[in-house]
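Please read the notes below with the model open beside you, since they refer throughout to individual residues and strands.

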Amino acid sequence: MIVVIRGAGDLATGIALRLYRSGYQLVMTDLPEPTAIRRTVCFSEAIRQGAMEVEGVRAVHCTDAQDARNRVEQGLVAVLGDPAGACISALKPGAVVDAILAKKNLGTAMTDAPVVIGVGPGFTAGMDCHAAVETKRGHTLGRALYTGSPLPNTGVPGIIGGYGAERVLRAPADGTFVPCMEIGRIVKAGEVAATVEGVPMLCTIDGCLRGILPAGTKVFAGMKAGDIDPRCRPEHCLCASDKSLAVGGGVLEALLHFGCLPERR
């Protein structure tokens, strides 16, 4: 059975890892020019590079729905540049998971597939999806909800190593993004992580640069453009986060709850 995951960023990739390892065939969709920050653990990078491997699972960029179907039959994760989810009608998946994380529903409906799961704020189980999964760090992270909605977006990132909003690097101006550092580098507050039209984007705290936009990305002032992990563990840049895997567990529970059984590998 094919599951379509809308979104292929780091949280969607954690979900994909849980489902792939449980035996589901996966097609993921994202922007034709992805803006994921944690690029070393994002299957969206397959759109830019042709292929991407995360924790031993390989994803490949596909040209259309039929190409994606062929690839999943080969045991690969298929990724399409298809933000509108046009492939859904062609693939007729057993389930759709909306993991775009737009903080609102961008058009996903319960009629998209026999089972539809909304991830994060903006969804209400029983109205626009069959189940919703909590993404806010805390006691309810990863919980599958069969009625009601995930907690509303506060606009404040979860606390990691004692830091919340300070972890996020934001573009200092409109224009073309030019990174000065690679993901995995240990940084100090005040160092220049990137520039936009000559304006520096400074590191906000000491830590490990866990994510940064690729060179050439068109950004606007205030756009999320980087992420610093104060725990200073470069190896964490190469594996899915605890949060994404917790959310993936909630998605897996919901699929099984509604009888969406995986293929045997």
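1. The model is a predicted one, in which local features need pLDDT of at least 70 and side-chain atom pairs count only at pLDDT 80 or more, while totals for chains, interfaces and linings use all residues. Residues are numbered from 1 along each chain as its sequence is written, and side-chain values use heavy atoms, with hydrogens and water left out.

2. The largest pocket holds about 1,500 Å³ of space, a pocket being an open set of points on a 1 Å grid over the protein atoms alone, where a 1.4 Å probe fits and protein lies on both sides within 12 Å along at least five of seven lines. The volume is the space filled by probe spheres set on those points, which are joined across faces, edges and corners.

3. The lining of this pocket (residues with an atom within 4 Å of a point) comprises 49 residues, and D10, I100, L101, K103 and K224 lie nearest the centre. By class, the lining has 23 nonpolar, 14 charged and 12 polar residues, where Asp, Glu, Lys and Arg count as charged and Gly is among the polar ones.

4. Helices (DSSP runs of H or I, at least four residues) and strands (E, at least two) are numbered from the N terminus. Among the elements supplying at least two lining residues each are α1 (10-21), β10 (168-170) and β17 (224-229), and α1 gives the largest share, three residues.

5. T13 is found in helix α1, and T13 counts as buried because its relative accessibility is 0%, the limit for buried being under 20% with a 1.4 Å probe and protein chains only. The side chain of T13 reaches the backbone oxygen of A8 at 3.4 Å. Beyond neighbours within four places in sequence, T13 is in contact (heavy atoms within 4.5 Å) with A8, M28, V41, C42, F43 and V54.

6. Strand β6 (residues 95-98) is covered on both faces, with A95 and V97 buried on one side and V96 and D98 buried on the other. β6 runs parallel to β1 (residues 2-6), joined by four bridges, and V3 stands opposite A95. Four bridges also join β6 to β7 (residues 115-119), again in parallel, and I117 is the bridge partner of V97.

7. An open antiparallel sheet of four strands has the order β10-β17-β15-β12, with β10 and β12 (186-187) as its edge strands, each pairing on one side only. Strands count as paired if DSSP finds at least two bridges between them; β10 and β17 have three, and L169 stands opposite G226 in β17.

Terms used. Buried < 20%, exposed > 50% of the residue type's maximum accessible area, 1.4 Å probe, protein only. Polar contact = N/O pair within 3.5 Å; in protein donor to acceptor, adjacent residues only side chain to side chain.
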